[in-house]
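Here's a quick briefing to read alongside the model. Have the sequence and the 3D view open as you go.

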Amino acid sequence: MRNWKQALSAARQGESKYKTLVQAIIADIDQGVLKDGQRLAPQRQVSEVLGISLQTVTNAYKELERQGRVRCEVGRGSFVSGRTSEKVAISMLDRGEQSMLDFSTARIVHSTEHDRLWQATCAELALESDQPWMRAFRPIAGFESHRAAAVQWLLGLGMNVMPEDLLITNGASQGLFLALASLAGPDDVVLCAGLSEHSVIGTSQVLGFTLKGLEMDGEGINPEHFEDLCSNERITALVCTPNLNNPNSCLMSDTRRREIAEIARRFGVYIIEDDVYGPLLAGINKALPISYYVPELSFYCTSMTKSVLSGLRVGFLVMPRRLALRTESILRVNSWMAPPLLGEIAARWITGGMAQELVQLQRHLIARRQAMVTHELGEFLIRNHPCSLSAWLSVPERWEAEGLMRELRRKQIALTLPDPFVAPGRPKPRAVRLCVGAECTEEEMAQGLRTIHETFLQYPKVNEFF
């Protein structure tokens, strides 16, 4: 606390003490004096050592939590929390490395069929004289024809909606952000799965709401824990991914979905449903979206990025009708509108049947690769699914996850640590994520999986620096 005391002593007269303390603690975090996960001194102790009021320290800790620099856990204390964007950068490759076999990024399995269809569509668009998708900047919600195609796509996912109830978005991540921004601010509590999409965790740091992770089992969110928190706190919303939750590929049964919907309706909790993987299960999984059972309280979000084409960043956000105008206005402020060109391509592929064909192809390609994962890494497999873009692997007792990842990177293989997905208040599992969409041949993938298996069986060095 020496740096904190010096900062307070050097503060100008009239300068806010709690803001000075906040900046001093942030400086220690940024300079590595305080490490990610390190417990901060109790507030009363800080108050006594620095000679400032307990309320000043409390205000500083609350501001640090709002900024996402600290997480406060009831009964345990306050801990340094690395920003989600930093955890993602450490855990996943930001850019392709030719020599690296990248199993760290959740993406579809690309094929020559994707290239052929993309090239044919671009050639078709280039020959058309009337190209409104290159000139228009309204309507904000998306072209009527694009929304009509979205209605058709959503019907195949179990959602029967009207065009005026949905927005075209720049992928599912923007859809989730818009839904959260429509509902939650600094005074709100939002729940999510204990392992959740890292963009949701990052959004909590941007919008300042309190995010809490729920207990999970093999189907995902534990409804008893959800009900317990709703009974004892004012909960604004629940963010959930019933279909192939990222990163652990949990698949929720229809019974569980109905149960969560009933709890949400009883307590007036909004549901924000991320169904980005739903198209991969359409026609296979008979369970309907949670949003189907509680439409008046639900935001339902899906996209084409994780099922049709990675670069086709087109999402569809279904909104409760009473919040549609508010959400559309946030879209206008956030990015004005989704790119109409991509919306045009998505609409043509949906109405022409090409999108469905690519989804069918994707299921086949994913299933083949998931079978390889099961064959090579079955003894370490916690969970995978023939339609999932990832597999969840246990870390052998002899290894620490970070050391294991460093050793694999040394062998030119990248997996994902659990850190970016761990919601506040939940323990970090001894597991790593392997994504099957790496841009490689099946032979290269098989060799990579064998290398992972061999590394998992090895004992780590006594000191990795020698």
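What follows covers a helix pair, the nonpolar cores and one loop serine.

Keep in mind that this is a predicted model. The largest nonpolar core counts 92 residues, and there's a second, separate one of 33 residues.

**Helix α1 against helix α3**
- Helix α1 (residues 2-10) packs on helix α3 (residues 43-50) at about 55°, and their axes are 10 Å apart.
- The crossing of α1 past α3 is right-handed.
- On the α1 side the contact uses W4, K5 and L8, while α3 brings V46, V49 and L50.
- Sorted by class, that's five nonpolar residues, one charged and no polar.

**The nonpolar cores**
- In the largest core, the residues touching the most other members are F103, I221, F226, L238, I272, L434 and I452.
- Helix α8 (residues 171-183) supplies the largest share of this core, with seven residues.
- Take I221: beyond its neighbours within four places in sequence, its contacts include F226, L238, V239, M252 and I260, and also the charged E215 and R256.
- The second core has M159, M337, A347 and W349 among its members.

**S388, a loop residue**
- You'll find S388 in the loop between β13 (381-383) and β14 (390-394).
- S388 has a relative accessible area of 3%, so this serine counts as buried, the cut-off being under 20%.
- Not counting residues up to four places away in sequence, S388 touches L244, S249, I366, Q370 and V436.

How values were computed: Residues numbered from 1 in each chain as written. Predicted model: local features only at pLDDT ≥ 70, side-chain atom pairs only at ≥ 80, totals over all residues. Heavy atoms only, no water. Axes fitted to C-alpha atoms, helices over the stretch in contact; angles between N-to-C directions. Helix = DSSP H or I, 4+ residues; strand = E, 2+ residues; numbered from the N terminus. Left-handed = near helix turned anticlockwise from the far one by under 90°. Contact = heavy atoms within 4.5 Å. Core = buried A, V, L, I, M, F, W, Y, C linked by side-chain atoms within 4.5 Å. Buried < 20%, exposed > 50% of the residue type's maximum accessible area, 1.4 Å probe, protein only.
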